[in-house]
Structures are given as structure tokens and as C-alpha cells.
Amino acid sequence: MLVATPHCLSSSNCLPFSISRKLKFSLSTKPRFSTWVSSRTRSGRLCTASLITSPDSFEVGRLIGSYGFMNVTSYSGFQAGADLEFSSGDLGQLRVQDVGEGSVKIRLYEGRIAQGPSKGTPVIFKVYPGQRAAGIEADMMAANELNAHAFLQSSSEGICKNLLLLLGGFETKTGEQWLAFRDDGKYSAADFAKATSEKVLRVLSLQENSWNPFEKEQAFKRRTYFVIRLFQGAMRGLAYMHNHERLHQSLGPASVILNTIVERDAAYLIPKLRDLAFSVDISFSSLEEGPSTFSEGLWRRASSAGAFTPMEKRSFGIADDIYEAGLLFAYLAFVPFCEAGIMDGLSLQRLLESTFKLDVMATREYCLADDRLLEAVKFLDLGDGAGWELLQAMLNPDFRKRPIAEAVVNHQFLTANVL
């Protein structure tokens with residue numbers, strides 16, 4: 001049974017640490033299931049009944065990947081002049097001290113709907129381990145993710161095309177929680193960045209960087225167009241969540257699903273946000289109730305930054321998501337434009353936070369001196385430096401000065417013809 005019991009976790013915060021791995025595996029027997037029981041969130045909203053689906057409605061295919069989470073187990077406040085390594089980036093937020101691998105390991109399976117009017121629809125199963133394997137934390141994450149999707153999909157505005165669609169879920173007799181999402185793509189933004197950076201490395205290793213300048217410029221334009229569409233789509237999904245009183249709180253390259261990673265197919269790209277296990281309700285009724293399991297760390301950091309009233313806490317939470325989105329933007333600006341092994345997400349975050357204390361233009365000057373980073377600089381220089389301007393705004397140390405998601409979506413770097 002999924003039960004969203006408050007205060008059953010420690011004060012740890014969790015963040016995704018790895019992306020899916022392609023594995024060759026298939027299920028030879030169909031799992032035995034117990035009844036799926038809907039759960040009530042702390043704010044009293046009940047899961048949509050249409051999402052609670054019998055396991056007999058699905059067919060389970062092969063295992064396609066797995067990923068886990070990092071556990072943040074202690075924090076310390078920011079001190080002027082202190083090393084910001086592993087910090088969340090906001091000078092008012094709390095700095096991470098200890099990071100370890102969490103106990104919750106997620107498995108992903110292919111499958112399809114086996115019965116009813118949607119028979120044959122491909123799905124991706126996200127499987128949370130039972131309490132015996134991962135404790136109550138896994139049940140809490142599954143319940144929170146289910147309730148977040150159920151709430152967002154019940155909006156009178158219709159379903160957001162930039163959020164992964166939850167179709168159903170059930171619980172096995174071993175206590176595993178299976179969430180069924182429509183299969184809108186098996187690749188993530190991290191997969192795109194990895195594949196693209198490896199392609200850059202192959203080109204350089206074959207000394208093909210002296211190829212036709214026109215074709216080289218066309219390749220840069222294709223990559224630029226793809227990355228802009230990717231990031232803008234992800235931000236549309238985040239704007240929808242914020243407009244419906246939900247924070248993501250786990251935004252990164254692995255939490256953006258893509259239906260293609262082929263740059264020439266950018267016109268058909270539809271990015272979708274996933275991984276809402278740590279989503280936080282920021283409606284005023286929820287804020288007045290006090291912290292829940294997944295919001296404890298967030299509101300502790302809000303207090304450290306001087307946000308105490310419900311309005312201030314809500315603004316801080318939105319700005320916290322925007323900061324994570326800023327790091328995602330930086331990742332997409334650098335990793336796909338550099339050869340493999342030159343830049344990764346953690347190294348880039350340390351460069352921005354620890355080395356240059358969130359001074360984006362100082363970071364640019366540093367990157368100009370490294371030939372391996374020049375394509376990333378060229379990308380952010382588009383539109384008279386509009387990319388750097390957007391990045392600086394999203395990573396502003398003062399959470400009150402960061403733009404809202406809709407403002408990011410409509411920023412000139414993402415809407416103007418910067419090419």
C-alpha cells in the first residue's frame with residue numbers, strides 16, 4: 001500500500017546521481033500483483049481514480065535501465081569567503097557536507113497496455129523497491145510522484161505536453177510500486193549530451209575539424225537549435241508546474257526525457273520532465289500546514305535565506321527550482337559542445353560556484369582561454385551575449401532576483417533568431 005506518512009524520513013535530501021543504463025534482460029514470467037491502493041497526500045488531495053489500474057491491464061517487457069539517488073546527510077550555513085564546493089549555489093542556502101549513495105534503486109521496464117481502448121499503447125514502468133529492500137523511503141517517493149502527476153494531470157487546462165504522462169500504477173505482493181508512464185522516449189538530455197560530446201571527440205580524433213567551414217557552421221547551427229528547443233521545452237514543463245503550485249526539486253539532465261536525440265530532427269523534439277518523486281506542494285494551504293517529509297530541507301534553506309512567511313517561502317521554492325534549471329542550462333551549453341571528458345555537470349557546477357562564485361562573465365573569460373571550451377562560449381555569445389545574460393539571471397546569488405520560469409521561456413535567447 002502506498003501511504004504518504006509525514007515525517008517518516010530523516011532530514012536527508014535526495015538527488016538523482018545516474019542515468020539509465022542499457023541492459024539486456026527480459027522477464028520470463030509475469031509478476032504477481034496485489035491490489036493497488038490510492039493514497040492521500042498531506043494536503044488532502046486524493047489520487048485520480050482513473051490512474052489506479054489493475055496489473056492485468058499491462059504487459060511487462062524487458063528491463064531497459066536503472067538509476068539511483070544521492071543522499072545529502074548534513075549541511076552547514078554559508079560563510080563569506082568559504083569554499084562553496086558541493087553547494088546548492090544560493091549564498092543563502094545551506095551548503096552540503098556529506099553526500100552518499102541512497103538506498104532507493106529505481107528499475108525501468110518496457111511494456112504496453114494489454115486491455116481496453118488504449119490496448120497496445122507502449123509504456124515505461126518505473127519500479128520502486130519494496131520496504132524490505134529500501135525501507136519506507138521508497139514508498140514515500142512513489143506515493144509523492146503518483147500524487148504529483150495525478151494532481152497536475154487533473155488540471156482543467158488539459159495535459160501539459162512537456163510533462164511525462166502517468167497512465168497508472170500498481171503494487172506487487174513483494175511491496176514494489178510500479179508506475180506506468182506513456183512511452184514518449186527512452187533518451188534523456190544526459191544521453192543526448194553524452195552522445196554528442198562523444199561525436200565531437202570522434203571528429204577531433206579523426207582530425208576532421210578542418211572540414212568544410214560551411215558544413216562545420218551548419219553543424220553548429222543544428223546543435224544550437226536542438227539545445228534551445230530542448231531547454232525551452234523543459235522550462236515550459238517547469239512553468240506549468242509552478243503555475244499549478246508544484247516544485248520539481250530534482251531537475252537535471254537525467255530528468256528531461258526526449259523523443260529523439262538526432263539533431264536533424266529538432267523540429268519534432270518534445271522534451272518532457274520526469275522524476276517528480278521530490279515534488280513539493282507550494283499552495284498556500286500546504287505552506288500553512290508546515291513542512292512535509294520532502295519539503296523539510298527546502299524550508300530550512302528558505303529560513304536560512306531570510307524567507308519566513310508563506311509568500312516568501314513560495315518565492316524561495318520557485319527560485320530554488322530556477323537555480324537548478326540554470327545549472328541544467330549551463331550543462332546543455334557546455335557538455336554537448338565540448339569533446340567527451342572535458343566537462344561534466346559536477347565539474348561545471350564547481351567552476352561556477354566555487355571557482356568564480358557565480359560570476360558568469362568571469363567564467364566566460366576563463367573559458368575563452370581554453371580552446372576546448374570555445375564552442376560553448378560561441379553558443380552563449382549568440383544574441384550579443386544573451387546566453388550569458390540568461391545564465392547569470394538564473395544563477396543570481398539573491399533568490400529574489402531570479403526570473404520566473406515563464407520569463408525564462410520568453411527570454412530573447414530562446415525566442416529570438418539568435419542564429
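Buried means under 20% relative accessible area, exposed means over 50%, and partly exposed lies in between, with a 1.4 Å probe and protein chains only. Keep that scale at hand for the tour.

This is a predicted model, in which local features need pLDDT of at least 70, side-chain atom pairs count only at pLDDT 80 or more, and totals for chains, interfaces and linings use all residues. Residues are numbered from 1 along each chain as its sequence is written, and side-chain values use heavy atoms, with hydrogens and water left out.

**The whole chain**

Start with the cartoon view. The chain has twelve helices and 14 strands. These are DSSP runs numbered from the N terminus: helices are H or I with at least four residues, strands are E with at least two. Of the 419 residues, 53% are buried.

Now think about contacts, meaning heavy atoms within 4.5 Å. Among contacts with a separation of 6 or more, 76% join residues 24 or more positions apart. The chain exposes about 18,000 Å², and carbon and sulfur atoms supply 52% of it. Such areas come from the Shrake-Rupley method with a 1.4 Å probe; for residues, only the protein chains shown count as cover.

**Stop 1: salt bridges**

A salt bridge is a side-chain nitrogen of Lys or Arg within 4 Å of a carboxyl oxygen of Asp or Glu. The structure holds 19 of them.

Select aspartate 275 and lysine 126. Their side chains meet in a salt bridge, 2.9 Å from N to O. The pair links distant parts of the chain, 149 residues apart. Aspartate 275 is in the loop between strand E13 (272-273) and strand E14 (280-281), and lysine 126 is in strand E7 (residues 122-128). Both aspartate 275 and lysine 126 are buried.

Next, select aspartate 184 and arginine 182. Their closest N and O atoms are 3.1 Å apart, in a salt bridge. Is aspartate 184 buried or exposed? Aspartate 184 has a relative accessible area of 17%, so it is buried. Arginine 182 is at 32%, so it is partly exposed.

Move to aspartate 398 and arginine 400. This salt bridge has its closest N and O atoms 3.5 Å apart. Aspartate 398 is partly exposed because its relative accessibility is 26%. Arginine 400 is exposed, at 52%. For a network, select Arg62, Glu110, Asp183 and Lys186: salt bridges with shared partners join them into one.

**Stop 2: a lysine without a salt bridge**

Select lysine 313. This residue lies in helix H7 (residues 310-334). Lysine 313 is buried yet has no salt bridge. Where is the nearest side chain of opposite charge? It belongs to glutamate 312, 9.2 Å away. For charge, Lys and Arg count as positive and Asp and Glu as negative; His and the chain ends are not counted.

Show what surrounds lysine 313. Beyond neighbours within four places in sequence, lysine 313 contacts Leu287, Trp299, Ala302, Ala307 and Phe308.

After H6 comes glycine 306, with a positive phi near 90°.

**Stop 3: aromatic rings**

Rings of Phe, Tyr and Trp (its six-membered ring) pair if their centres lie within 6.5 Å; planes under 30 degrees apart count as stacked, over 60 as edge-to-face and the rest as tilted. The structure holds 16 aromatic pairs. Select Phe220, Phe231, Phe329, Phe337, Phe379 and Phe413: ring pairs link them into a cluster.

A charge sits over a ring if NZ of Lys or CZ of Arg is within 6 Å of the ring centre and within 35 degrees of the ring normal. Lysine 378 lies over the face of phenylalanine 220, 4.2 Å from the ring centre. Elsewhere, the charged end of arginine 246 sits over the ring of phenylalanine 151, 4.1 Å from its centre.

**Stop 4: leucine 380**

Select leucine 380, in helix H10 (residues 374-394). Its relative accessibility is 0%, so leucine 380 counts as buried. Not counting residues up to four places away in sequence, leucine 380 touches several residues, including Phe329, Ala333, Trp388 and Phe413.

**Last stop: arginine 236**

Finish in helix H4 (residues 213-243), at arginine 236. Arginine 236 is partly exposed, with a relative accessible area of 39%. Setting aside neighbours within four places in sequence, arginine 236 contacts Asn162 and Val409. The C-alpha atoms of arginine 236 and alanine 405 are 7.4 Å apart, though 169 residues separate the two along the chain.
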